[in-house]
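Colleague: I'm new to this one. Could you walk me through how to read it?

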Amino acid sequence: MGLQIELGDITTYRVDAIVNAANRTLLGGGGVDGAIHRAAGQKLLEECKTLGGCETGEAKITGGYRLPAKYVIHTPGPIWYGGSRGEAEKLRSSYANSLRLAEEAGCKTVAFPSISTGVFHYPQDEAAGIAVHTILTFLKTAKSVQRVIMVCFDRKTLAAYERALHAAQASS
Ligand code: AR6
């Protein structure tokens, strides 16, 4: 129950939905996006082509195809431009809109990667603070979603999310 933080590869998670740190085309890319498309197979790209892209901070849901996860929720996080272009609010929206779609689809378990902290260069500690706060706030009133897992791909990312979770628990 609640929020868990783990080291892992999100493409291996047998959960109801995994979230993809996509770009606005929704047609794939590098990083976790590339890994998800490779693992899910060509049919994921075919479904994505029908979606007409997605604005930053919004989210769209597809099937999981060859992934162990039932659904993929695609959200383009913000590119970091220094913090004065609404990046924080857009990152919060990416998490909140992804969780809303998971809830609407009746998901119980949802796994997130660290949105925007790779190619999009969002500073890790700030991003982790926003992610943890948005997820914990959502879980207080969620009906369907019971467990959210932050899947960190490396130890530095894991440490940032663990710090953010401890800080949030200390202040609540
Ligand atoms: N499982 C979990 N996390 C992963 C995995 C994995 N298999 N692979 C990478 N990560 P990034 P962004 C981590 O760059 O910053 C793409 O080209 C990675 O170590 O994937 O939101 C899209 O198409 C990092 O901590 O996403 C967009 O154009 C985190 O996932 C752009 O990159 C996010 O890194 C999106 O950039």
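**Helix packing and the ligand**

Modeller: Let's start where Ile36, His37 and Ala40 in H1 meet Leu44, Leu45 and Cys48 in H2; contact means heavy atoms within 4.5 Å. Those contact residues divide into five nonpolar, one polar and no charged. It's a predicted model, so local features need pLDDT of at least 70, side-chain atom pairs count only at pLDDT 80 or more, and totals for chains, interfaces and linings use all residues. Residues are numbered from 1 along each chain as its sequence is written, and side-chain values use heavy atoms, leaving out hydrogens and water.

Colleague: At roughly what angle do the axes of H1 and H2 cross?

Modeller: Two packed helices are described by the angle and the distance between their axes. Here the axes of H1 (residues 31-40) and H2 (residues 42-49) cross at roughly 115 degrees and come within 6 Å. H1 and H2 are therefore roughly perpendicular (65 to 115 degrees).

Colleague: And which polar atoms lie by the ligand's oxygen atoms?

Modeller: A polar side-chain atom of Asp33 lies 2.7 Å from a ligand oxygen, while a polar backbone atom of Ser116 is 2.8 Å from one.

Key. Axes are lines fitted to C-alpha atoms, for helices over the stretch in contact, and angles run from 0 to 180 degrees between N-to-C directions. Helices (H or I, at least four residues) and strands (E, at least two) are DSSP runs, numbered from the N terminus. Angles under 35 degrees count as roughly parallel, over 145 as roughly antiparallel, 65 to 115 as roughly perpendicular and the rest as oblique. Ala, Val, Leu, Ile, Met, Phe, Trp, Tyr, Cys and Pro count as nonpolar, Asp, Glu, Lys and Arg as charged, and the others, Gly among them, as polar. A polar contact is a pair of N or O atoms within 3.5 Å; within protein, one must be able to donate a hydrogen and the other to accept it, and residues adjacent in sequence count only if both atoms are side-chain atoms.
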